[in-house]
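Take a look at the model below.

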Amino acid sequence: MLAKQQDRSQHSLFFSLESTLNHKHPLFILANKIDWEMFEREFSPLYCPDNGRPAKPIRLMVGLLILKHIRDLSDESVVEQWSENNYYQYFCGEQEFQPRVPCEASELVHFRHRIGKEGIELILRESIRINGKDSNDKDVYIDTTVQEKNITFPTDDKLAKKIIKRCWKIADRNSLDLRQSYTRILKDLSYDQRFRNHPRNRGKARKADKKVRTIAGRLVRDVERKLGPMVDGYRNELDLYKRVLAQKKKDKNKIYSLHEVDVQCISKGKEHKLYEFGNKVSITRTGSGVIVGALSFRNEFDGHTLDKAIEQVEKLTERKPRNGICDRGYRGRSKVRDTLIHIPKSFSKALSTYRKNKERKYFRKRAGIEPVIGHLKEDHRLSRNYYKGITGDEINVMLAAAGFNFKRMMNKWKSSFWLFLEKIIVFLNRQLHPIRDSIILQTI
């Protein structure tokens, strides 16, 4: 049910967060810059008006999502820190300090599912609006990176052992009497799989791997037979296990995780990390440093992502970018919609010196998107995606971009205030220096 309207009037005569907190604090400024009424207006229709338990305030839930990706926190941490931080509470709409947690961490999961990809895109649009004129650049810089999923490095042996454990759970849940559990045999095989890189152990480890896969296949078939009429409830799960055990080394569209079946194996040519397991994301940035586009893909060719990337920029900024500057991974594209695509290549002799210098300036400036991607990964939760499924991939990249844009403006407000304060201190020191010297001389 839709939450009741909160009373925003001051209840205490002597204390309120607005009168107590520092009005120059970046979070305080950001709380008064964001258009919270827009979120109320857009998300209210997603709730039933008169049935069910009253929901948490929309501003509270949106504020927690924004704080999570600004501060690089988990759902549990942001909820816990909210009860300890006055600025967090004011940012989420509270007028007085509340010594309690605002909601359960799982309610953030349900809220993300409720608003979906379209709702998260509204948060990204608001973060672009906050940055003002810096987001109105006619030239955009586009690059792709990999958003890794929260899975372990996949090997055939790991997947087979996980299938065995899941078969045991199905058997326990349904009281099935398996022909053999293979517990003792698997323990002996694990000894054979150790130190596989030693030349003397490679053959023994390969045989043990093959035996583990064979045991996994036997258990899957045994469980399928003994489930009887209940097998329909486990059909998708058992079909997944069979597909994993049947896939070969050079097959396409392989499954790398049992709980995240849509994970892709992506190679970006990095020497320190040949393969990354997750999905590809496209980041679009203006020359001044505002992210105006963030999209999730599976593992498409970079050039095939340009159409949707430019379309999203036009949708979020309501402007058509004039130039899109990319790297050589986008080769083959010269124009997308009304945007000219610039890719590094050998200059023709007919090109004027002015145009050559202009192109060189574009490509040098394009390199600035690389540290932006680094900040997205290290500071705003893009390095490892904990959200589930394809929808989780789409949500995480847009929230990371929104967190980056909000943090960018917070840093600008912080730096402008402290620079102003520093100038005042320097001015006062210059004025008071002669007076201080004269006082010292008089005392001597």
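## Gln-312

In which helix does Gln-312 lie? Gln-312 sits in helix 12, residues 306–317. Helices (H or I, at least four residues) and strands (E, at least two) are DSSP runs, numbered from the N terminus. The model is predicted: local features need pLDDT of at least 70, side-chain atom pairs count only at pLDDT 80 or more, and totals for chains, interfaces and linings use all residues. Residues are numbered from 1 along each chain as its sequence is written, and side-chain values use heavy atoms, with hydrogens and water left out.

Gln-312 is buried, at 4% relative accessible area. Buried means under 20% relative accessible area (1.4 Å probe, protein chains only). The Gln-312 side chain reaches the backbone nitrogen of Ala-294 at 2.9 Å. Beyond neighbours within four places in sequence, Gln-312 has contacts (heavy atoms within 4.5 Å) that include Glu-121, Leu-124 and Met-398.

Strand 3 spans residues 276–286. Of its 11 residues, 11 are buried, so strand 3 is largely enclosed by the rest of the structure. Two strands pair if DSSP finds at least two bridges between them. Strand 1 (residues 139–149) runs antiparallel to strand 3, joined by 9 bridges. Here Thr-144 stands opposite Ser-282.

Strand 2 (residues 264–266) is also antiparallel to strand 3, with 3 bridges. Ile-266 faces Glu-276 there, standing opposite it.

Arg-285 stands opposite Ile-291.

How values were computed: Buried < 20%, exposed > 50% of the residue type's maximum accessible area, 1.4 Å probe, protein only. Polar contact = N/O pair within 3.5 Å; in protein donor to acceptor, adjacent residues only side chain to side chain.
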